[in-house]
Amino acid sequence: AAPSRRSYSVTLIPGDGIGPEVVSVARDVLFLVGSHEGIEFRFQEVPMGGTALDAVGVPLPEETLSTAKDSDAVLLGAIGGYKWDSNEKSLKPETGLLQLRAGLGVFANLRPASVFPQLVDSSTLKREVAEGVDIMVVRELTGGIYFGKPRGFGTNESGEEIGFNTEVYSASEVDRIARIAFETARKRGGKLCSVDKANVLEASILWRRRVTMMASEFPDVELSHMYVDNASMQLVRNPKQFDTIVTNNIFGDILSDEASMITGSIGMLPSASLGYSGPGLFEPIHGSAPDIAGQDKANPLATVLSAAMLLRYGLGEEIAAKRIENAVLETLDRGYRTGDIFSTGSTLVGCKRMGEEVLKSVNSQK
Ligand code: ATP
Ligand code: MG
């Protein structure tokens, strides 16, 4: 029997800077993959960020949030730019991004750091160390010290000014991120490393206890624990030892940036932010790159790979996700490079042309 035709609504948020250029490429790729795999996409494009501020005075219009919430997945380009840098906090484009994450209830941030064989020499590490690195950092996104109370400024016993924050995690907060991490590890290499500071911090002691308890539900996943100071060292010394890493908000912030530098190509890295139910949010890890916006120079592959994550983690369309990832690899094999990943001997192309080459590769996948 013919496979049933699946239909999904996808909210597109092009945003600012290079956002519209890279989202337009990713949209075309999704559409074409859909036509091969029997998937229909209904795209709705909505404003957010500086673009929305200029148009309607707020970074996240109500209609944008409600459209996003009602859809099956959200694909975002980038938000912000110098133009709004001097705005007050509530009128910053980036505030809209925090509101969108909160509104969608996405508490798990997935950031892969893979070294592409074709780009191994752009890694910050030696070839022998970088080759074959394929890590997924699962970061808790809505709890921990970035949100814990009490927080603020005050004075201590000797009258000196102080600033303070509190790290709080509840058992259920740890459980839900741990579950996503175990499930992610299961789909990947079957190894999960939980990173904490349980030798010093109470929240980390609870973290380690809850993660360890959950391991019995995932006998097929090999669990290990590592202190964050050691993990940051091991990431540079021998990154290949890691498959999936799960960690709290602040450690994940730092470790995911560290891991991304191993790959040496900011224009290649996607991300996913997931909640329990409801649509996930998928976006490249790079910013709006105002220095190259509107010049057809942006690398669209991070956003194209975010669309692959949207298919895998947002819609459960593994075959279509693989088709996109293979098309990206094939395009690199055929030698096409945007400026950020260019090296002599390869073919320098702009954003649009790179998109066209990915489309050709999508067509040629079996
Ligand atoms: P944000 O604060 O929004 O994260 P940022 O200032 O940290 O932004 P980016 O906007 O990511 O940084 O840009 C950092 C540098 O990387 C810039 O020089 C930019 O041109 C380059 N860059 C970022 N993304 C891409 C891309 N997709 N293709 C090519 N170059 C890029
Ligand atoms: Mg940045």
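**Exercise 1. Work out how the span of α11 compares with the expected one.**

Step 1: α11 has 16 residues; helices here are DSSP runs of H or I with at least four residues, numbered from the N terminus.
Step 2: From first to last C-alpha, α11 reaches 22 Å, close to the 22 Å expected at 1.5 Å a residue. The expected span is 1.5 Å times one less than the number of residues.

A word on the source: this is a predicted model, where local features need pLDDT of at least 70, side-chain atom pairs count only at pLDDT 80 or more, and totals for chains, interfaces and linings use all residues. Residues are numbered from 1 along each chain as its sequence is written, while chains are lettered from A and ligands numbered from 1 in the order in which they are written.

**Exercise 2. Find how α10 and α11 are oriented to each other.**

Step 1: Helix α10 (residues 301-314) and helix α11 (residues 318-333) pack at about 160 degrees, their axes 7 Å apart. Axes are lines fitted to C-alpha atoms, for helices over the stretch in contact, and angles run from 0 to 180 degrees between N-to-C directions.
Step 2: The two helices are therefore roughly antiparallel (angles over 145 degrees).

**Exercise 3. List the buried residues of α11 and what they pack against.**

Step 1: Buried (20 or more other C-beta atoms within 10 Å of its own, C-beta atoms being placed from the backbone) are A320, A321, R323, I324, A327, V328, T331 and L332.
Step 2: These buried residues pack against elements including α1 (19-37), α10 and α12 (351-364); contact means C-beta atoms, placed from the backbone, within 7 Å.
Step 3: Following α11 comes G335, with a positive phi near 95 degrees.

Methods
Angles under 35 degrees count as roughly parallel, over 145 as roughly antiparallel, 65 to 115 as roughly perpendicular and the rest as oblique. A residue is buried if 20 or more other C-beta atoms lie within 10 Å of its own, exposed if 12 or fewer, and partly exposed in between; C-beta atoms are placed from the backbone. Two residues are in contact if their C-beta atoms, placed from the backbone, lie within 7 Å.
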